[in-house]
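Notebook open, structure loaded. I want to look up a helix, a strand and some ring contacts, and jot down what turns up.

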Amino acid sequence: MVFAADLNHHLADTVRSALPEPLNLGTHLVLRVAKASSSISSPAAVAAFVTEAIHPLFPTRYLPQIVPVAVNAEFLAALDAESRTVRPEARSGSAIDTTQAVAILAPDYTRPIDGVGPTLCFEVKPKWLFVPDNDGDGSECSRPNQPGRTTTTNNITACRYCMHQHYKVARSESPGVSPFCPLDLLHADTVEHAVAALMACPGNNLRAWVDGTVLDLESLSSNDGALLHPWRRSADDNEMVMTSVLTRTLHALVPLFNLLAHHQRSLDSFDMADVERRYAEVAMYDNNVWERVVRQYRDRIDRETAAPEAEVEEASAQQVVAEYVLSMTVKDCSVLITVGAPQSQPHDLDDRGNVMVALDDGKCAVMQATLLDLDPKQFGKVPAWARLDRAIRACFAGVLRAREEVLPK
């Protein structure tokens with residue numbers, strides 16, 4: 001449960017007083033607490049997982065700043081009462097667990113980057129960035145949901161996201177397939193395809209804010225245009241502004257998406273049927289294994305890189321399953337991109353991972369990219385994931401058979 005609304009002064013001062021010196025998380029903060037009667041991992045468990053399992057895999061500049069802070073029942077009760085006035089209606093029935101002893105404090109990455117004026121923020125969910133069962137790059141997805149780019153032969157391959165779209169339509173979970181293919185994020189010459197598809201059908205793969213105010217990407221209004229004014233060129237409409245800035249930032253993040261793809265594929269290198277079988281071999285799974293699991297995973301990748309032809313020692317059942325569970329976190333994460341207002345001269349950067357990105361008008365802007373939604377997944381979901389995998393593949397196979405029937409003989 002995350003409440004991004006500003007706390008009242010008393011609560012905000014209480015939270016800030018818990019920060020170790022000289023740590024500075026910025027002006028705007030988010031406090032993450034646990035819901036009552038929730039099966040989701042506790043804030044303390046999330047902090048431990050991110051530190052032990054995620055930090056070793058990615059450069060520091062892409063990692064969120066999260067600080068476990070001690071909380072008590074009195075503070076949490078006050079926070080629960082304060083936050084009820086600003087929660088979305090869908091969360092109005094939720095209550096904060098006042099028995100927890102730890103919460104997570106982090107910057108609100110949708111709000112302005114300190115010192116660079118207004119901030120335009122995008123959340124991109126890249127999903128699965130590889131084609132299951134293949135060892136190559138993104139060119140192996142035939143883009144079956146983009147008619148102008150789809151091969152007309154019978155030899156059609158697809159990434160998991162493109163296959164999953166048809167399964168959702170078949171189950172009436174979506175009105176139509178999205179043209180977005182995550183693998184377009186892996187190459188500079190295909191990023192524009194990704195942006196066009198995301199803008200045309202943002203779904204839950206693209207969200208945007210200006211200084212914390214949500215933009216409706218389905219219908220950008222004149223009010224949104226006023227918010228977007230700092231990034232506007234004279235002839236740009238709202239969609240052109242968003243498309244231009246998003247394209248530039250995603251170009252700069254191609255290396256990050258390729259790193260995500262590398263870990264997704266490497267952690268999910270075992271056959272799904274084998275993962276399911278090995279899952280049944282272990283009587284109990286311990287969530288306190290991530291430091292060892294990640295160390296063994298990195299050792300395996302190093303050995304395979306140094307000697308690709310060498311015989312690899314068989315991993316334990318728990319290692320196989322734990323790597324797959326970790327891969328599901330990496331597949332489901334978000335990339336939050338904050339972009340400052342355009343400027344003619346480069347800004348003095350701080351040590352929080354900010355970089356300069358060139359914009360289309362010859363100006364530049366401060367940009368920061370942060371990996372979020374990094375909660376640990378539950379080991380007990382492995383059988384359900386296996387069933388879903390089989391169902392998605394079977395559904396897509398049916399789609400291909402139907403297409404073959406209408407192809408010219």
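This is a predicted model: local features need pLDDT of at least 70, side-chain atom pairs count only at pLDDT 80 or more; totals for chains, interfaces and linings use all residues.

**Entry: helix H9**

I started at the N-terminal end of H9, which Asp271 caps. The distance I noted is 3.0 Å, from a side-chain oxygen of Asp271 to the backbone nitrogen of Ala273.

Next I asked which residues of H9 (residues 272-281) are buried. I found Met272, Asp274, Val275, Arg278 and Tyr279. They sit on the same side of H9, because they cover an arc of only 155 degrees around the axis.

**Entry: strand S5**

Then I turned to S5 (residues 119-124) and checked burial there. I got 6 of the 6 residues as buried, so S5 is largely enclosed by the rest of the structure. I looked at each face too: Thr119, Cys121 and Glu123 are buried on one side, and Leu120, Phe122 and Val124 are buried on the other.

What does S5 pair with? I see 6 bridges to strand S8 (residues 334-340), running antiparallel. I also see 5 bridges to strand S6 (residues 206-210), again antiparallel.

I followed Glu123 across both pairings. Its bridge partner in S8 is Leu336, and in S6 Glu123 stands opposite Arg207.

**Entry: aromatic pairs**

How many aromatic pairs are there? My count, taking ring centres within 6.5 Å, comes to 5. I picked out Trp290 and Phe379, a stacked pair with 5.6 Å centre to centre and 20 degrees between the planes. Trp290 lies in helix H10 (residues 290-306) and Phe379 in the loop between strand S10 (364-372) and helix H12 (382-406), so the pair ties together parts that are 89 residues apart in sequence.

**Entry: charges over Trp128**

Last, I checked which charged residues lie over the face of Trp128. I found Arg160 at 4.2 Å from the ring centre and Lys331 at 3.8 Å from the ring centre.

Key: Residues are numbered from 1 along each chain as its sequence is written. Side-chain values use heavy atoms; hydrogens and water are left out. Buried means under 20% relative accessible area, exposed over 50%, partly exposed in between (1.4 Å probe, protein chains only). Helices (H or I, at least four residues) and strands (E, at least two) are DSSP runs, numbered from the N terminus. The arc is that of the directions from the helix axis to the C-beta atoms. A polar contact is a pair of N or O atoms within 3.5 Å; within protein, one must be able to donate a hydrogen and the other to accept it, and residues adjacent in sequence count only if both atoms are side-chain atoms. Two strands pair if DSSP finds at least two bridges between them. Rings of Phe, Tyr and Trp (its six-membered ring) pair if their centres lie within 6.5 Å; planes under 30 degrees apart count as stacked, over 60 as edge-to-face and the rest as tilted. A charge sits over a ring if NZ of Lys or CZ of Arg is within 6 Å of the ring centre and within 35 degrees of the ring normal.
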